[in-house]
Amino acid sequence: MAEQAGDPLFQSHDPIFNRKELLHVGHVPDEDRIVGRDDEIQSVAAEVGAITRGDPPNNVMIYGKTGTGKSLISRHVATRAQDAARNNDIDCGVLYVDCSEANTETRATRQLALSLKEQTGYQQNIPLRGVGTMEYYQHIWRILEGFFDAIIVILDEIDKLDNSNILMQLSRAREAQKTDAYIGVIGISNKVKYRETLDERIDSSFGHRELFFHPYDASQLREIMRNREDAFQPNVLEDGTIELCAALAAKKHGDARKAIEILKEAGELARRTGSETVSEQHIQQAQEVAEINRIEELTSGATVHAKLALYALASRIITGDRETHKTREIYERYVGICEMVATDPITENGLYRQLKEQAFLGVIESEKTGGGRSQGSYLLHRLVTDPKHIIKAVRRDSSLEDLPAYDRLADGGSETRDRDVELSSFS
Ligand SMILES: Nc1ncnc2c1ncn2[C@@H]1O[C@H](COP(=O)(O)OP(=O)(O)OP(=O)(O)O)[C@@H](O)[C@H]1O
Ligand SMILES: [Mg+2]
């Protein structure tokens, strides 16, 4: 009796997911699942493509917000260039360095040297420690001399590198007669600010083109998710769910990674609640969870005062009738909240600085408003996201979990608002 085999505690059949791995964060989609970036693929190929014909490539810097396909497209094009080069009897290597981990020149060059060795029959020992950058460069040049006509080096999250010397070394290598191999660098960053400082960091030897990847629009996100529909069992996704997920993600950030995460979270919600299908409601809920996670992530390094300031602003918005509040108004509520959690408040000026920091993180927007010459100008702060999400995210901090759950107040409508004594006692 096949049905009785196995422990019923662990169902062997997943009623919701079929190939869940397609929705995992680290999953790299196959070529035929990459959609909506044809122009970007063409552009990157145009910069590095000369390698496949035995000519020198251009260096390229790719900028764009998180989840816009920068890493994916770079690797994809580099691998295809490598294959195309092989067809022309050109030995082209592809090297990928995640500079958020290899964040010094020593670490980055060590990784380059080690992966070059791995890809070839290079015999010499490359020490893991105790040697400097120069020795790693020596190995790199020797391996290039011995085994390659060209290499494409992808430096991902390049803004995390503590200096940009590696760019100069790689671009001058031929001129300095270190190697005859052509080297094409693809640098990637999601910090537009990095672009402004890049010219100061490097000299003209690192000539490069710039490409900008834009956030995905709703129809592109729809296509990306449609292409992974088989992550779910047949007929589990209700009509309209992918469309809704795409519309929400496009409105918020246009981030493909986030959109896919929301879809997966919606499936998990459906499974947890014993539902047979994934509905629009599951998507809505998953989107909220994702947004709260995002805010928690953004504010994770913030001080308790910054969190209380956000909480104060969110609670004022929920209990009041305005979206924007002055620093002074936020400060007054903040002082009351500090009392509740037995924390000494910082000064109003200190709080103002904390609010500015949050504006920088993209959680709030602050706008200067003139009250006429005699009154002077003041700042008005608004939340970029739903105040309920802020309240939830702040209360996830274990030292702040006893703060009133204003988010429930917002859900409960005006009736609760009048009755809730504890909450209204602050306003
Ligand atoms: N055009 C696309 N087609 C299919 N899936 C995509 C596409 N773009 C992105 N994705 C999915 O989203 C994930 C994130 O993309 P990617 O890692 O390339 O973003 P990124 O721009 O490098 O973001 P970050 O700046 O955060 O590193 C990918 O692993 C992939 O699963
Ligand atoms: Mg990336």
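**Close-up 1. A salt bridge joins glutamate 268 and lysine 20 in this predicted model.** The closest N and O atoms of glutamate 268 and lysine 20 are 2.7 Å apart. Glutamate 268 belongs to helix H9 (residues 256-272), while lysine 20 lies in the segment before helix H1 (38-48), so this pair ties together parts that are 248 residues apart in sequence. Is glutamate 268 buried or exposed? With a relative accessible area of 18%, glutamate 268 is buried, because the word applies to residues under 20%.

**Close-up 2. Arginine 19 and glutamate 21 meet through their side chains in a salt bridge.** The N to O distance in this pair is 3.1 Å. Glutamate 21 is partly exposed, at 35% relative accessibility, and arginine 19 is also classed as partly exposed, with a relative accessible area of 33%. A network of salt bridges links Arg19 and Glu21 with Arg33 and Asp230. Side chains of opposite charge can pair when their charged atoms come close. Over the whole structure, the search finds 21 salt bridges.

**Close-up 3. Arginine 322 and glutamate 329 form a salt bridge.** Here the closest N and O atoms lie 3.2 Å apart. Arginine 322 counts as partly exposed, at 35% relative accessibility, whereas glutamate 329 is buried, with a relative accessible area of 16%.

**Close-up 4. Five strands with parallel pairing make up an open sheet.** Which order do the strands follow across this sheet? The order is E2-E3-E4-E1-E5. Strand E2 (92-98) and strand E5 (208-213) stand at the edges and have a single partner strand each, so one side of each is left without a neighbour in the sheet. From one strand to the next, the twist averages 15°. E2 pairs with strand E3 (residues 150-156) in the parallel sense over 7 bridges, and within this part of the sheet glycine 93 stands opposite isoleucine 151 in E3.

**Close-up 5. Helices H1 and H6 lie against strands of the sheet.** Helix H1 packs on the sheet and touches strand E1 (59-64), E3, strand E4 (182-189) and E5, and the direction of H1 makes about 170° with that of E5. Helix H6 (residues 192-201) lies across E1, E4 and E5, and runs at about 150° to E1.

**Close-up 6. Ligand 1 is surrounded by 22 residues.** The closest of these residues are Val35, Thr66, Lys70, Ser71 and Tyr216. Backbone atoms also come into view around the ligand: a backbone N or O atom of histidine 27 lies 3.4 Å from an oxygen atom of ligand 1, and a backbone N or O atom of threonine 68 lies 3.1 Å from an oxygen atom of ligand 1. For glycine 69, a polar backbone atom is 3.1 Å from an oxygen atom of the ligand.

**Close-up 7. Strand E8 (residues 377-383) pairs in the antiparallel sense with strand E6 (residues 325-326) and with strand E7 (residues 364-370).** How many bridges does E8 share with each of these strands? The pairing of E6 and E8 runs over 2 bridges, and that of E7 and E8 over 7 bridges. Histidine 325 stands opposite histidine 381 in E8, and lysine 368 stands opposite leucine 379 in E8. Strands of a sheet pair through backbone hydrogen bonds, either parallel or antiparallel.

Technical notes: Residues are numbered from 1 along each chain as its sequence is written. Chains are lettered from A and ligands numbered from 1 in the order in which they are written. This is a predicted model: local features need pLDDT of at least 70, side-chain atom pairs count only at pLDDT 80 or more; totals for chains, interfaces and linings use all residues. Side-chain values use heavy atoms; hydrogens and water are left out. A salt bridge is a side-chain nitrogen of Lys or Arg within 4 Å of a carboxyl oxygen of Asp or Glu. Buried means under 20% relative accessible area, exposed over 50%, partly exposed in between (1.4 Å probe, protein chains only). Helices (H or I, at least four residues) and strands (E, at least two) are DSSP runs, numbered from the N terminus. Two strands pair if DSSP finds at least two bridges between them. Axes are lines fitted to C-alpha atoms, for helices over the stretch in contact, and angles run from 0 to 180 degrees between N-to-C directions. Contact means heavy atoms within 4.5 Å. A residue is near a molecule or strand if one of its heavy atoms lies within 4 Å of it. A polar contact is a pair of N or O atoms within 3.5 Å; within protein, one must be able to donate a hydrogen and the other to accept it, and residues adjacent in sequence count only if both atoms are side-chain atoms.
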